[in-house]
Amino acid sequence: CFMNLKFFFKELKVKGINIKNTAPKARLIVVTKHQTIDCVKKVYEFGEREFGENKVQEILRKKSQLPNDIKWHMIGHLQKNKVKLIAPFISVNLCLT
């Protein structure tokens, strides 16, 4: 998992793209779907602070085991009955594809 992120940044560098300077409003959100806590910790130690998940129970599990300064994003559909579980801390973004 961490190697994929290193490869991603290396490819951007090869292409002359600095994601942090390219678009001030653009952000990299690391999707942690199917990744272990150890993998997410490595990416966190690399400097990333915004992570996304598509399942509420996975956000809750990972949030409880990772540093508090992580900004969590819910990706995809959200059932109405689960909103109250993540509303206090989730970052809300609208993505149109």
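This is a predicted model: local features need pLDDT of at least 70, side-chain atom pairs count only at pLDDT 80 or more; totals for chains, interfaces and linings use all residues.
1. Strand β2 covers residues 50–53, and both of its faces are covered. Glu50 and Gly52 are buried on one side, while Phe51 and Glu53 are buried on the other.

2. What joins strand β1 to β2? Two bridges do, and the strands, with β1 at residues 30–31, run parallel. Valine 30 has phenylalanine 51 in β2 as its bridge partner. Between β1 and β2 the chain passes through helix α3 (residues 37–45), in a right-handed β-α-β crossover.

3. Next comes strand β3, residues 71–74, which runs parallel to β2 and is joined to it by four bridges. Here the bridge partner of phenylalanine 51 is tryptophan 72. From β2 the chain goes through helix α4 (residues 56–65) to reach β3, and this β-α-β crossover is right-handed too.

4. How many aromatic pairs does a search of the whole structure find? It finds one: phenylalanine 51 with tryptophan 72, a tilted pair at 5.9 Å centre to centre and 40° between the planes. Because phenylalanine 51 lies in β2 and tryptophan 72 in β3, the pair ties together parts that are 21 residues apart in sequence. Tryptophan 72 is buried as well, at 2% relative accessibility.

5. Finally, two charged residues lie over rings. Arginine 49 is over the face of tyrosine 44, 3.5 Å from the ring centre, and lysine 63 is over the face of phenylalanine 89, at 4.7 Å from the ring centre.

Note on methods. Residues are numbered from 1 along each chain as its sequence is written. Side-chain values use heavy atoms; hydrogens and water are left out. Buried means under 20% relative accessible area, exposed over 50%, partly exposed in between (1.4 Å probe, protein chains only). Two strands pair if DSSP finds at least two bridges between them. A crossover is right-handed if, with the strands pointing away from the viewer, the path from the first strand over the helix to the second runs clockwise. Rings of Phe, Tyr and Trp (its six-membered ring) pair if their centres lie within 6.5 Å; planes under 30 degrees apart count as stacked, over 60 as edge-to-face and the rest as tilted. A charge sits over a ring if NZ of Lys or CZ of Arg is within 6 Å of the ring centre and within 35 degrees of the ring normal.
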